[in-house]
Amino acid sequence: MKSSADVQGSTAIDACNIRVVDPERVASVNARMPGEDDIVDTADVFGLLGDPRRLKLLVALLDGELCVCDLAAVTGLSESATSHALRLLRAHRVVAVRRDGRMAYYRLDDAHVRMLVDLAVAHTEHTDAIHPERSGS
């Protein structure tokens, strides 16, 4: 059985003796770090993009606006599931809507969203992911 001195000794070995290696670099990174609310909002957007069904909707919108019916047909989702996903995306300003009578046409909200989706798709098209989280071990 380990004594408290043994546990404290092993903790000290694991501890980092140097708290900041490059203080100027740390200060520079901290100066440009977005505020906590912006970090949380950005993480939320990545969470939305992390769902394959929602990402498929966004990829479909790379070619321009589409109505809910057409988006459902392209993605294979029900119209209800498509509408629900689009509401979430709209709430986070990832997509925008244009109404024409009873029809709702969706588009990517701005060039930043287009660039984000384009870059993500381009990245996966030119890399071979290992996917350790998908392996059986």
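Begin with the second largest pocket, which holds about 220 Å³ of space. This is a predicted model: local features need pLDDT of at least 70, side-chain atom pairs count only at pLDDT 80 or more, and totals for chains, interfaces and linings use all residues. Residues are numbered from 1 along each chain as its sequence is written, and side-chain values use heavy atoms, with hydrogens and water left out.

**Stop 1: the second largest pocket.** Select F46, L49, G50, P52, L55, L116, V117, A120, V121 and T124; they form the lining. A pocket is an open set of points on a 1 Å grid over the protein atoms alone, where a 1.4 Å probe fits, with protein on both sides within 12 Å along at least five of seven lines; lining residues have an atom within 4 Å of a point. Volume is the space filled by probe spheres set on the points, which are joined across faces, edges and corners. Colour by helix next: α3, α4 (52–60) and α7 each give at least two lining residues. Helices are DSSP runs (H or I, at least four residues), strands likewise (E, at least two), numbered from the N terminus. The largest share, 5 residues, is from α7. By class, the lining has 8 nonpolar, 2 polar and no charged residues. Nonpolar covers Ala, Val, Leu, Ile, Met, Phe, Trp, Tyr, Cys and Pro; charged covers Asp, Glu, Lys and Arg; the others, Gly among them, are polar.

**Stop 2: the largest pocket.** Its volume is about 370 Å³. Select D41, V45, H92, R93 and V94, the closest to its centre among 15 lining residues. The largest share, 6 residues, belongs to α3. Here the classes are 7 nonpolar, 3 polar and 5 charged.

**Stop 3: α4 against α6.** Show both helices. They pack at about 80 degrees, axes 10 Å apart. Axes are lines fitted to C-alpha atoms, for helices over the stretch in contact, and angles run from 0 to 180 degrees between N-to-C directions. α4 and α6 are therefore roughly perpendicular (65 to 115 degrees). Select R54, L57 and L58 of α4, then T82, A85, L86, L88 and L89 of α6, which make the contact (heavy atoms within 4.5 Å). The contact has 6 nonpolar, 1 polar and 1 charged residues.

**Stop 4: α5 against α6.** V68, C69, L71, A72 and T75 of α5 meet E79, T82, S83 and L86 of α6.

**Last stop: confidence.** Colour by pLDDT, the predictor's confidence in each residue, from 0 to 100. The protein averages 87, and 86% of the residues score at least 70. Confidence is lowest in helix α1 (residues 4–14), at a mean of 53, and highest in strand β1 (residues 66–67), at 98. Where pLDDT is low, the predicted coordinates should not be read in detail.

Definitions and conventions: Parallel < 35°, antiparallel > 145°, perpendicular 65-115°, else oblique.
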